[in-house]
Amino acid sequence: MITNMTTNLMVENVEKSIAFYGDLLGFAVVASVPGKAGGLQFAILAKDGVTLMVQEKGNMIEEYPVLSTDAVHPSVSLYITVQELDAFYEDIKGKYPINTELHTSFYGAREFAITDADGYVLTFTEHQEK
């Protein structure tokens, strides 16, 4: 029985990711692992019951050699449900570049998107009453 699934993103710099997710979206570090050469190699971030892990590229490749790459190449997007989408959009828009403006998608969802420090796409939406 599966009870949870948490995304673990390969990143170039864990501290930079912590700053992005913490400063812009309000995530807090709940656990971290120091790197061999200083800095952090891994961190778990959480907010409102949502958990995200970020792991430094070299450390992740060491753990999972199948993921070997010269650079981080995002191949997933995060689809994030929020409350009060319009207010959230206005807040983010004032702080960070918007990649896809607020719109209604072909499947009927209102949403907008930004990219994080490593180029991962974060799409924000709000469930609409039917």
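A residue counts as buried when its relative accessible area is under 20%, as exposed when the value is over 50%, and as partly exposed in between, using a 1.4 Å probe and protein chains only. By that rule K93, at 42% relative accessibility, counts as partly exposed. The model looked at here is a predicted one, in which local features need pLDDT of at least 70 and side-chain atom pairs count only at pLDDT 80 or more, while totals for chains, interfaces and linings use all residues. Residues are numbered from 1 along each chain as its sequence is written, and side-chain values use heavy atoms, with hydrogens and water left out.

Now for the overall layout. The protein holds three helices and eight strands, where helices (H or I, at least four residues) and strands (E, at least two) are DSSP runs numbered from the N terminus. Read from the N terminus on, the order of elements is β-α-β-β-β-α-β-α-β-β-β. Taken along the principal axes, the C-alpha atoms fill a box of roughly 50 × 35 × 30 Å. Of the 130 residues, 35% count as buried. One of the residues in strand β7 is A113, and A113 is buried, with a relative accessible area of 5%. The C-alpha atoms of A113 and D91 are separated by 13 Å, with the two residues 22 apart along the chain.

Next come the pockets. On a 1 Å grid over the protein atoms alone, a pocket is an open set of points where a 1.4 Å probe fits, with protein on both sides within 12 Å along at least five of seven lines, and lining residues have an atom within 4 Å of a point. Grid points are joined across faces, edges and corners, and a volume is the space filled by probe spheres set on the points. The largest pocket comes out at about 530 Å³. Its lining has 20 residues, and F27, K47, V50, I80 and T81 lie nearest the centre. At least two lining residues each come from α1 (14-25), β4 (50-56), β5 (77-81) and β8 (121-125), with β5 giving the largest share, four residues. Sorted by class, this lining has 13 nonpolar, five polar and two charged residues; here Ala, Val, Leu, Ile, Met, Phe, Trp, Tyr, Cys and Pro count as nonpolar, Asp, Glu, Lys and Arg as charged, and the others, Gly among them, as polar.

The second largest pocket has a volume of about 250 Å³. It is lined by 15 residues, of which M10, L67, H73, S75 and Y120 are the closest to its centre. Strand β1 (residues 7-11) provides the largest share of that lining, four residues. Nine of the lining residues are nonpolar, six are polar and none is charged.

On to the charged pairs. Side chains of opposite charge can pair when their charged atoms come close. The cut-off for a salt bridge is a side-chain nitrogen of Lys or Arg within 4 Å of a carboxyl oxygen of Asp or Glu, and the structure holds four of them. One joins the side chains of K36 and E62, with N and O 3.1 Å apart. K36 sits in the loop between β2 (28-34) and β3 (40-47) and E62 in helix α2, so this pair ties together parts that are 26 residues apart in sequence. Both K36 and E62 are exposed.

Another salt bridge is formed by D86 and R110, at 2.7 Å from N to O. This pair also links distant parts of the chain, with D86 in helix α3 (residues 85-93) and R110 in strand β7 (residues 110-115), 24 residues apart. D86 is partly exposed, at 41% relative accessibility, and so is R110, at 24%. K93, the residue from the opening, pairs with E90, and their closest N and O atoms are 3.5 Å apart. Because they are three residues apart in helix α3, K93 and E90 are separated by about one helical turn. E90 is partly exposed too, at 45% relative accessibility.

Finally, there is the backbone. Most residues other than glycine have a negative phi. D48, though not a glycine, has a positive phi of about 50°. D48 belongs to the loop between β3 and β4 and is exposed, with a relative accessible area of 71%. E84 is not a glycine either, and has a positive phi of about 55°. E84 lies in the loop between β5 and α3 and is exposed, at 58% relative accessible area.
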